[in-house]
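Please consult the sequence and the structure shown below while reading.

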Amino acid sequence: MDLIYAILPPKVLAQIFVGLSRTTILFIVSSGLSLILGVLRIPNVAHGSLYMIGAFMAFTISKIFGGGDAGFWAALVGAPLGVALVSLAAERGLFQYLYEREHLMLLLLTFAVSLIFGDLVKIVWGAEYKSVPVPHVFQGYVYLFGGLPFPIYNLFLLIIGPIVAVALWLIVNKTKIGKISRAAAVDREMVGAVGINVSWVFAIVFVIGCLLAGLGGALVAPTVSVTLGMDHTLIIEAFLIVIIGGLGNIWGALLGALIFGLTQSLGILVWSQFGIVFPYAAVIVVLLFRPTGLLKSTW
Amino acid sequence: MLRDMLEGRGRIWWAAVVIFMFLLPFILPRFYLYLLSIILLTGLLATSLNLVLGYGGIFQFHHAVFYGAGAYGTALILTKTGLSPWISFIVGPLVSAALGLIMGWICIRLSKLYFAMLQISLGSLVWIIVYRWYSFTGGDDGIHGIPLPDILSSSNNAYYFTLVVTLICLFAMYKVIKSPFGSALQGIRDNPVRCEMIGINVKRHQLLALIIAGFFAGVAGSLFVVVDNTVFPDMLFWTLSLEICIMCLLGGWFTFLGPMLGAAIIIALRTFVSTYTTYWALVLGILMALVIFFLPNGVLGYIEEKIKKGFIEPVIKE
């Protein structure tokens with residue numbers, strides 16, 4: 001114990017763990033964005049809105065189940081599925097007709113969709129702050145390294161993050177749909193020519209990506225106040241993470257999220273008023289030296 | 001008539017339009033003058049974006065930063081220093097142009113989506129600094145009740161000032177686009193590799209375009225200070241940037257006056273819709289989706305297409 005404290009003062013260690021829990025949320029959301037950007041090449045601005053919808057759905061579902069432990073677990077499963085349904089409708093209804101258009105059009109279309117989602121959330125849930133209770137199992141603190149208080153819920157987040165990363169890696173690299181989607185990312189026409197319905201492959205990939213946004217929203221809901229506008233900063237952060245990690249690369253998203261989460265939490269120690277400047281500065285440094293991201297991008 | 005106007009002939013019609021604009025304060029109530037001033041300066045902002053986005057093919061996704069920088073530059077000189085107010089109207093745009101130079105110089109080595117993301121990152125940095133630096137910029141409250149020279153304090157005069165400055169800037173930007181530099185810029189948009197081959201310095205042209213666009217966005221920001229007397233950090237937020245993109249798209253990318261028309265439509269519609277419902281974003285989103293699907297060249301682009309048969313549309317190449 002003393003050795004660890006000698007290297008890292010408790011204050012720094014505490015901030016590292018705070019940063020790591022933030023990293024988990026950022027990673028889950030941005031890995032979905034990265035998947036969509038890598039395979040479908042849609043810069044999906046509406047991804048942030050889906051994250052917000054996930055958080056609001058988690059609120060509603062947990063309320064239906066009485067707000068207790070059962071509510072939390074139901075929300076954790078139900079909210080991502082709900083978001084997946086919403087995204088399926090958006091993909092089949094709108095995006096699938098525009099894959100051939102240039103990026104700018106796609107980006108503006110997804111921005112239009114995010115505006116629509118934002119107002120729909122306002123209509124359905126209203127503009128008040130919502131809060132989702134932390135389940136009893138995860139209430140309270142654990143004491144790391146003999147005396148460093150750390151919320152149990154955040155510990156739970158630290159476990160979820162790697163699980164999602166590995167699951168996503170398995171889906172993309174080991175399943176048939178993952179292999180097809182990677183092939184379709186490289187050469188869409190060729191995959192179509194061997195008799196695969198590329199349109200539906202894209203829809204499935206899109207839905208998986210958005211499901212992750214919903215999961216991120218459901219996971220973050222107990223730690224923050226769920227409110228309108230929570231999508232605005234997150235989507236920019238997610239985009240930057242995807243870019244510095246390498247487009248379409250899951251491990252890149254993890255690396256990017258780590259950089260973003262840690263520079264933010266440690267930056268607050270250095271300069272509390274402008275702590276949030278550090279992750280953006282880190283992104284600029286990365287892009288200046290590695291213009292196409294730290295790891296290999298898919299396109 | 002319309003055809004003459006769009007093709008750059010028909011000066012007499014344009015003169016009539018301008019004279020009509022100058023006479024408006026005699027017939028319109030104060031609120032509509034304010035609205036018209038906002039439309040003019042937002043149109044100027046959108047036109048300056050279109051200079052790099054439509055004509056330059058550069059993914060300038062965070063244009064609002066230059067607008068906000070110009071506004072804050074002007075507002076800070078007006079409130080914190082005893083300098084002549086007229087100097088502030090020059091300093092604002094120059095701050096934006098300098099920011100355009102710095103951000104452009106950093107970003108220009110990347111292209112397309114990477115350029116856009118680096119720019120959004122840098123722009124967000126500027127936004128955070130403005131948002132958090134309470135003692136200097138007023139933080140999230142912004143700065144209110146900015147003292148203006150007496151001559152600009154009446155709404156009629158503010159309107160005239162906005163109108164004159166906007167017209168001068170539009171004329172200047174039109175000249176830029178029609179100049180050899182403007183032609184080179186459009187050439188770079190359509191085929192950067194070939195332009196590089198025939199000896200055009202692609203990066204330098206693009207950088208210059210970014211600085212010019214930043215400057216005029218700064219002018220629009222300064223005009224906002226004149227018309228509204230306030231500045232606030234949302235002027236630098238990325239959602240505004242995409243809204244300006246939407247204005248360009250709605251009016252028409254590849255037309256000079258399209259962005260002005262787009263700004264007019266969106267601001268007029270926003271004012272109208274807001275009196276009935278708070279769900280303006282919903283209306284804007286649906287409108288945008290419809291435009292992207294059915295009018296990809298924008299309103300003015302569509303009209304031009306109808307007027308001149310055989311009009312060849314330029315395409316932004318991937």
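**Helix crossing between the chains**

A crossing is left-handed if the near helix is turned anticlockwise from the far one by less than a right angle, and right-handed if clockwise. The model is predicted: local features need pLDDT of at least 70, side-chain atom pairs count only at pLDDT 80 or more, and totals for chains, interfaces and linings use all residues. Residues are numbered from 1 along each chain as its sequence is written, with chains lettered from A and ligands numbered from 1 in the order in which they are written.

The crossing of α5(A) and α14(B) is left-handed. Helix α5 (residues 103-125) of chain A packs against helix α14 (residues 280-294) of chain B at an angle of about 150°, their axes being 7 Å apart. The two are therefore roughly antiparallel (an angle over 145 degrees).

**Contacts of A:Leu108**

Contact requires C-beta atoms, placed from the backbone, within 7 Å. Among the α5(A) residues that meet α14(B) are A:Leu108 and A:Ala112. Beyond its neighbours within four places in sequence, A:Leu108 is in contact with B:Leu242, B:Cys245, B:Ile246, B:Leu249, B:Met288 and B:Ile292.

**The interface as a whole**

Chain B contributes 33 residues to the contact and chain A 32 residues. On the side of chain B that touches chain A, α6(B) provides the largest share, twelve residues.

Notes
Two residues are in contact if their C-beta atoms, placed from the backbone, lie within 7 Å. Axes are lines fitted to C-alpha atoms, for helices over the stretch in contact, and angles run from 0 to 180 degrees between N-to-C directions. Helices (H or I, at least four residues) and strands (E, at least two) are DSSP runs, numbered from the N terminus. Angles under 35 degrees count as roughly parallel, over 145 as roughly antiparallel, 65 to 115 as roughly perpendicular and the rest as oblique.
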